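Here is a short walk through one protein chain. Keep the sequence and the 3D view side by side as you read.

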Amino acid sequence: MKAFVLDRYGARVPLRLEERPTPELREDEVLIEIHAAGVNLLDSMIGRGEFKLILPYRAPFVLGHDLAGVVARVGARVSGFKVGDEVYARPSDHHIGTYAEFIAVPERDLALKPKRLTMEQAASVPLVALTAWQALVELGKVKRGQKVFIQAGSGGVGTIAIQLAKHLGATVATTTSTANVDLVRGLGADIVIDYKKEDFESRLSGYDLVLHSQDSRTLEKSLRVLRAGGRLISLKGPPDRAFAEEIGAPWYVKLLTQLLSFGTRRKAKARGGEFLFLFMKASGDQLRALAELIDSGAIRPVVDKVFPFESTNEALAYVETGRAKGKVVIKVK
């Protein structure tokens, strides 16, 4: 099979296209012929080595965290899928590698593809939709009538999170650039703040949940728009001890995350709120729930551009510019 391989960690290290053996299949895994792969900033961050401490990969390895494709073979203990099924997934950590023609994925990470989506649309969904679900449903426990502030509403996570929060019955505020105001309004945002013209802190207060995805300065301001008892969930960090424990990190990583997040947790507590760090995890069960919402029309993916497989490096470079509206996808087949 063909695959794009990262030979070494580092900034601006291009992926190299090479022929590799088709993956061996374990008893609980499903071999998928990949038709499309989503592109995420996480791939670039891993490639630069930003997660080496908590997610060590041995180079050379294949990047890629989103897929849609067709089941080519199933392991002996797989019972929920059969050859020919159209599926989508965010493979779990240490099982990534969707910038390739085939991948072996644990059955627990897989779900049947939403019927109303093309392969390219379906490949855009898993990582960002799971992030939104785990932030708003699992950690945030958003209820009808609450107020939710979602930063970067025109991005991959933001476009899905706005729709999910509205489905849950929340009033949604978001930030975006002038060019994307109509896009996020069309997704359901009630309050749209053009960050080029105004400061969200001057307009927002008393929020039940803030989904933070920006820099540390924005994190400080975000804490001040929370109500007492509200929650700030950050996708950018600092990581906390709960995260380190969840991934089974060694004691020194747990101590480091405790120290890194101490100041932010203290500031949140002083305002009667709570700070939580989210590094999303794979879940076929959650993807099944999301597929139902997509097929019902409650959520629709936003795809900015589709690149051919041969242009995988160009697709990554485009995502790194930060200008994408929604998701960028690679068409593999």
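Predicted model: local features only at pLDDT ≥ 70, side-chain atom pairs only at ≥ 80, totals over all residues.

Residues are numbered from 1 along each chain as its sequence is written, and side-chain values use heavy atoms, with hydrogens and water left out.

Start with the whole chain. It holds ten helices and 16 strands. Both are DSSP runs, numbered from the N terminus: helices are H or I with at least four residues, strands are E with at least two. The C-alpha trace spans about 55 × 45 × 40 Å along its principal axes. The radius of gyration is 19 Å, which agrees with the value near 20 Å that a compact globule of 333 residues would have. That radius is taken over C-alpha atoms, and the globule rule is 2.2 Å times the number of residues to the power 0.38.

How much of the chain is buried? Buried residues make up 55% of the 333. Here buried means under 20% relative accessible area, exposed means over 50%, and partly exposed lies in between (1.4 Å probe, protein chains only). The chain exposes about 14,700 Å², and carbon and sulfur atoms supply 50% of that area. Accessible areas come from the Shrake-Rupley method with a 1.4 Å probe; for residues, only the protein chains shown count as cover.

Now look at contacts, meaning heavy atoms within 4.5 Å. Take those between residues at least 6 apart in sequence: 68% join residues at least 24 apart.

Next, find the open sheet of three strands. Its order is β2-β1-β4, with antiparallel pairing. β2 (16-19) and β4 (61-62) stand at the edges, each with a single partner strand, so one side of each is left without a neighbour in the sheet. Two strands pair if DSSP finds at least two bridges between them. Strands of a sheet pair through backbone hydrogen bonds, either parallel or antiparallel.

Four bridges pair β1 with β2 in the antiparallel sense. There, A3 has E18 as its bridge partner. Two bridges join β1 to β4, again antiparallel. V5 is the bridge partner of V62, and L6 stands opposite F61. β1 is mostly covered, with four of its five residues buried.

Move on to helix α6 (residues 216-223). Its buried residues are T218, L219, K221, S222 and L223. They pack against β12 (207-212), β13, α8 (251-270) and β14 (274-277).

P238 sits in the loop between β13 (226-234) and α7 (241-246). P238 and L260 are 22 residues apart in sequence, yet 6.0 Å apart in space, C-alpha to C-alpha.

Finish at Q286, in helix α9 (residues 284-296). Its relative accessibility is 10%, so Q286 counts as buried. Which residues does Q286 contact, leaving aside its neighbours within four places in sequence? They are L130, W133, Q134 and E138.
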